[in-house]
Amino acid sequence: MSAFNNPFNPNVRLGAACPCGKHRSQAEHDAVLDVPEEGSPDALSGRVIQSAVMRALFPRDATRRRFLSAIGSSTALAAISGLVPLGALEAMAQDKGALEKKDLKIGFIPITCATPLIMADPLGFYRKQGLNVTLNKTAGWALIRDKMLNKEHDASHFLSPMPLAISLGLGSAAQPMNVATIQNINGQAITLHVKHKDKRDPKQWKGFKFAVPFDYSMHNFLLRYYVAEHGLDPDTDIQIRVTPPPEMVANLRAGNIDGFLGPDPFNQRAVYDDVGFIHILSKDLWDGHPCCAFGVSESFIKENPNTFAALYRAVLTSAAMAREARNRPLIAEVISPPNYLNQPVTVVEQVLTGKYADGLGNVKNVPDRADFDPFPWHSMAVWILTQMKRWGYVKGDVNYRDIAERVFLVTDARKHMAELEMKAPARSYAKIKVMGKEFDPAKPDAYLASFAIRKAA
C-alpha cells in the first residue's frame, strides 16, 4: 500500500509502522482512531476531538474501519467538521484558563429535553474541555432541585422555571440559581389515553386527571393556559398531579390519569405502547417555547469561572450539533442506551426527526417538533413569571425585568456563543404569541390582567 498524508497527524505517513503498537498497520491504527488515555499529552488535541465524534458516529470498530476504508480519512474529517465546529473546539482547547474543578457531577432526567447535556458525554465534548463529568440520572425534579441546593450536583438539567422559583424561594429555600442555556424548545405534547379518542374538544375534559412533571414547569403552565383558553379552570375543573416523567406512561396505562402534558420521549412512548395518542404538540400552543434549561448556582460561577466557561462551551457545542436536522438520527442512537434515556431508538428518532405516528392512524412530519436553540431569552423568563403570578405561585408585586435578568444569563450566552461562531440575537426581549394571543414582555401586568380565568390577587 502506498503511503499518503494522514490528516489526523501530518507527521505520520499511512503505511508506516503503527506508533502505538496496538494495530497491524498505520492504516488500521487510523481507522480505529483510538482515544488517548486521560492525562496523555494530546488529551485535548484535535485528534481526540475528531476521534470522539467518529466513535459516536460509528460505535463498532469494524463499521468504522469499513467507512474510513471506503471514503478515506480526508473525506471522513471533512464530514466530521460538517457536524461540529472542530476548529473552534480545538482553538478553545488550547486557549483557556486553568480549570478550578475538573471532576463534576451533573444531574439529568431521562428525557429528550436534555439532549445537548446528555450527548456531550458520549461525544466527548466535556472531555475536550478538560472536564471529567459524571452524568447522574435522577428520579424526579424535586430531587434535582434538592441535589443542587445541597451541592451534591455541580450543575444540572432544569425545567426552565425552576431556577426562577429557586431564586425566589418558591417551594424551597431561596438560593440564587441561573439559567446558562435553554436546553430545548418545543418538544412536549398533550397525550390522552386511547379511550378518549372521541374527546378531542377540551371542553369535554371536565373531571379529567392530568399529569405534569413539576409545579414549576412549562408543562404545568402550558396545560393550565390551554384548558383555560377553552373555558376550564385548571384548579377546579380538572385535576393536575405531579408525576415523574418516566412514570407517566405507566400511570396512563393503569388508568390513574386521563392524559398528561409531558416531555418526550414519553408522549411517543405512549403511542408506541398503544396506550395513548398525541392530542396536540406544545409547539402548536407556542412555537419556540422554552422547556428545559442547563443551570448552575450563582456561587458555582463565582468560585469556578473557568470551569463554568468550559462547561458552557461543551453544552453549546452539543446544542449546535443538535440543531442540525441531519444529525438527529445519529443523536437518537447516541442518547437512547440504558445509561441515558433507556428507550427504543425508533421512539427517540420519531421525536427528534419529527416524523412520527400520532396514535390516531396518521404519520406526521413536523421537523421542528423538538429543537435546541440555547439562547436564554429574558422575555421567556418574564412570561413564566406572569404565569407563576396568574396561578398564585408567587404573590405580591413582581419585578419581572430584574428577576429575569438576574436568573437568565444572556451576557454569558452571547459571549460563549460567539466563541463557537453561533449567532445570538441582538436583543433579549421579544414579543411572543401563545395560542394566538400576543405577549409583550414590556407590559406583563397588562397581559396578566387580560385573562378571565386566573387566581384572585
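Reply:
**The open sheet**

Five strands form an open sheet in the order β2-β1-β3-β11-β4, and the pairing is mixed. At its edges stand β2 (132-137) and β4 (177-182), each with a single partner strand, so one side of each has no neighbour in the sheet. From one strand to the next, the twist averages 30°.

Some terms and limits apply here. This is a predicted model: local features need pLDDT of at least 70, side-chain atom pairs count only at pLDDT 80 or more, and totals for chains, interfaces and linings use all residues. Residues are numbered from 1 along each chain as its sequence is written, and side-chain values use heavy atoms, with hydrogens and water left out. Helices (H or I, at least four residues) and strands (E, at least two) are DSSP runs, numbered from the N terminus. Two strands pair if DSSP finds at least two bridges between them.

Strand β1 (residues 103-108) runs parallel to β2, and six bridges join the two. Within this pair, Lys105 is opposite Thr134 of β2.

Helices also pack on the sheet. Helix α14 (residues 305-323) touches β1, β3, β4 and β11 (292-297), where contact means heavy atoms within 4.5 Å. The direction of α14 makes about 30° with that of β4. Axes are lines fitted to C-alpha atoms, for helices over the stretch in contact, and angles run from 0 to 180 degrees between N-to-C directions. Helix α9 (residues 161-168) lies across β3 (155-159) and β4, at about 105° to β3.
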